[in-house]
Amino acid sequence: MAQTIALVDDDRNILTSVSIALEAEGYDVRTYTDGDEALRGLSGRPVDLAVLDIKMPRMDGLELLQRLRQTSQMPVIFLTSKDDETDELTGLRMGADDYIKKPFSQRLLIERIKALLRRGELAQGKGTVDPGQTLIRGELMLDGSRHLCTWKGREVDLTVTEFLLVKALAQRPGHVKNRDQLMDAAYGEHIYVDDRTIDSHIKRLRKKFKAVDTDFAQIETLYGVGYKYRE
């Protein structure tokens with residue numbers, strides 16, 4: 001079955017042109033012109049990935065993401081204003097997986113969508129020798145086949161990016177991963193994001209684990225170097 005992409009933007013020209021480009025790539029596309037309409041549409045009919053504009057009437061992309069994250073960890077790409085770093089950081093901290101600045105090329109967006117969907121398959125263990133392999137590190141359990149993470153037996157809801165970051169750190173406890181290595185693990189070797197993107201994801205990861213266990217301190221920061229998972 002074709003994968004389904006939701007496009008949410010109040011610019012109908014963007015919706016039309018990007019929809020045509022995505023459909024030519026074999027995706028099913030559903031379009032919405034504001035966050036309120038999208039929330040109603042996505043609540044009963046989930047998609048494989050959503051592309052959300054931040055600046056929209058009635059309900060903006062940030063509020064829409066917050067509402068969606070209450071029930072879904074679907075991959076999300078934000079479309080942000082050219083110079084608005086505040087929106088980018090806020091979106092990442094709220095659980096977006098990636099962002100692209102307007103104006104953007106359709107080819108760049110399509111490549112980011114493909115990369116994020118591939119990362120979702122990687123997080124689930126698809127395409128590996130043993131897709132059901134489970135990684136256990138002390139109280140941490142990562143089950144790629146179910147995209148399931150637990151800490152001390154309690155589930156921690158993670159996005160695709162967050163899951164891959166935890167996996168990259170926990171695979172080699174005690175070994176430092178710099179931001180470039182984490183970037184490659186979570187985004188792929190041909191996708192570049194800046195340092196603050198990784199830092200924002202790590203902050204959100206810690207917040208999620210601390211919501212389950214206030215004493216969680218396994219992800220350690222080595223300032224100026226990177227991060228490591230404590231043995």
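Entry 1: Two strands pair if DSSP finds at least two bridges between them. I kept that in mind while opening this model, which is a predicted one. I began with β8 and β9: strand β8 (residues 148-151) pairs with β9 in the antiparallel sense, over two bridges. Which residue stands opposite T150 in β9? I found E155 there.

Four strands make up an open sheet in the order β6-β7-β8-β9, with antiparallel pairing. The edges belong to β6 (134-137) and β9 (154-155); each has a single partner strand, so one side of each lacks a neighbour in the sheet.

**Entry 2: the whole chain.** I stepped back for some totals. The protein chain holds eight helices and 11 strands. Of its 231 residues, 52% are buried. I also checked contacts with a separation of 6 or more: 58% of them join residues 24 or more positions apart.

**Entry 3: strand β1.** Next I went to the start of the chain. How many of the five residues of β1 (residues 4-8) are buried? I counted five of the five, so the strand is largely enclosed by the rest of the structure. I looked at the faces separately, and both are covered: T4, A6 and V8 are buried on one side, I5 and L7 on the other.

With strand β3 (residues 49-53), β1 pairs in the parallel sense over four bridges, and L7 has V51 as its bridge partner in β3. With strand β2 (residues 28-32), the pairing of β1 is also parallel, over five bridges, and I5 sits opposite V29 of β2.

Which residues of α1 are buried? My list reads I14, L15, V18, S19, A21 and L22. They lie on the same side of α1, because the arc they cover around the axis is only 165 degrees. The general rule is a handy reminder here: an α-helix has 3.6 residues a turn, so residues three or four places apart point the same way. On the other side of α1, I noted R12, N13, I20 and A24 as exposed.

I finished with the two ends. D11 caps the N-terminal end of α1, with a side-chain oxygen 2.9 Å from the backbone nitrogen of N13. Just after α1, G26 adopts a positive phi of about 100 degrees.

**Entry 4: H201.** H201 belongs to helix α8 (residues 195-212). Is H201 buried or exposed? Its relative accessible area is 0%, which is under the 20% cut-off, so I put H201 down as buried.

What does H201 touch beyond its neighbours within four places in sequence? I found contacts with L92, A96, D97, T161, L165 and Y187. I also compared H201 with E162: 39 residues separate them in sequence, while their C-alpha atoms are 6.6 Å apart in space.

Conventions:
Residues are numbered from 1 along each chain as its sequence is written. This is a predicted model: local features need pLDDT of at least 70, side-chain atom pairs count only at pLDDT 80 or more; totals for chains, interfaces and linings use all residues. Side-chain values use heavy atoms; hydrogens and water are left out. Buried means under 20% relative accessible area, exposed over 50%, partly exposed in between (1.4 Å probe, protein chains only). Contact means heavy atoms within 4.5 Å. The arc is that of the directions from the helix axis to the C-beta atoms. A polar contact is a pair of N or O atoms within 3.5 Å; within protein, one must be able to donate a hydrogen and the other to accept it, and residues adjacent in sequence count only if both atoms are side-chain atoms.
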